[in-house]
Amino acid sequence: MCLRFAFLVITRVTTWLRLSRREEAWQTAEILILRHQLSVLQRRQPLRPHLTWADRALLAALLSVIPKARRQGLRLLVTPDTILRWHRDVVRRRWAARSRRGRTGRPATHRNVKALVLRLARENPEWGYRRIHGELAGLGVKVAASTVWEILKASGIDPAPLRRTGPTWERFLRSQAEVILACDFFTVDLLDGTQAYVLTVIEHATRRIRILGVTLHPTGGWTTQQARNLLMDLGDQAHWVKFMIRDRGSNFTAAFDAVLADAGIRTCCATCRRPE
């Protein structure tokens, strides 16, 4: 099946090069779609035309080149909605295959590391999870501070004993919901198989979601500019925002925090389970 798809791609690319003198690339793609549909109709088939996996993949790839306004006027064997359904099926199979590999998610922490974390916590009750993380780093044990926090929390040990009288992370979120925003990236799959990154912000009190921007290559500079755009969108409402929750992603740089700090917004790291 993959060999047939490779053969179709090679033949259609050759035809594309022959038609490359045309001014618009989408016109060439439209001609290739019509030619391939004609070859499908010329096959010896008992009833209606049968499209193989290679046929569907090639038509979906060529259709992504054609503008949306032009797609409705094409003479296709299937509707554009059917091709979008093919694309969703491809994305679903790809993520299903990745989940079966068993390589997704954070790898499990070794039992010896857990035992060492709990031993340090019990023998040194005044140490917090960051002190324990530092001691482990000195011993050459590579483990994240958030992992140490989770090990202690799961075992019923306070990760930060010096803050026992202070509010917990859950109480902080509930009491300050009116002045909290949270931002994060999520990915979407495009028709051509690439992934786009979407930066969103949610208001904790109203659950309103703001789409700040979409990009194929997120960088620290791009994320910082989206923070400026957010402050411009908030306008006079920016004065009531006090906290912005984010993760420790490399795209959230010090410049991102500085832009928010200039507006009086304090940055909190969600992986710490407490405001910084």
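Let me start with a term: axes are lines fitted to C-alpha atoms, for helices over the stretch in contact, and angles run from 0 to 180 degrees between N-to-C directions. Helices (H or I, at least four residues) and strands (E, at least two) are DSSP runs, numbered from the N terminus.

Two words on the source. This is a predicted model, where local features need pLDDT of at least 70, side-chain atom pairs count only at pLDDT 80 or more, and totals for chains, interfaces and linings use all residues. Residues are numbered from 1 along each chain as its sequence is written, and side-chain values use heavy atoms, with hydrogens and water left out.

Now the helices. Helix 6 covers residues 111–123, and helix 8 covers residues 145–154. They pack at about 70°, and their axes are 10 Å apart. That angle makes helix 6 roughly perpendicular to helix 8; the label runs from 65 to 115 degrees, with under 35 roughly parallel, over 145 roughly antiparallel and the rest oblique. Who touches whom? Helix 6 brings Lys 114, Val 117, Leu 118 and Ala 121. Helix 8 brings Val 148, Ile 151 and Leu 152. Contact here means heavy atoms within 4.5 Å. By type, that is 6 nonpolar, no polar and 1 charged. Ala, Val, Leu, Ile, Met, Phe, Trp, Tyr, Cys and Pro count as nonpolar, Asp, Glu, Lys and Arg as charged, and the others, Gly among them, as polar.

To pair, two strands need at least two DSSP bridges between them.

Look at strand 1, residues 180–189. With strand 4 (residues 243–246), strand 1 pairs in the parallel sense over 3 bridges. Leu 181 stands opposite Met 244 there. With strand 2 (residues 195–203), strand 1 pairs in the antiparallel sense over 9 bridges. Val 188 partners Ala 196, and Phe 186 partners Val 198. Strands 1 and 2 form a hairpin with 5 residues between them. In that turn, Gly 193 has a positive phi of about 90°.
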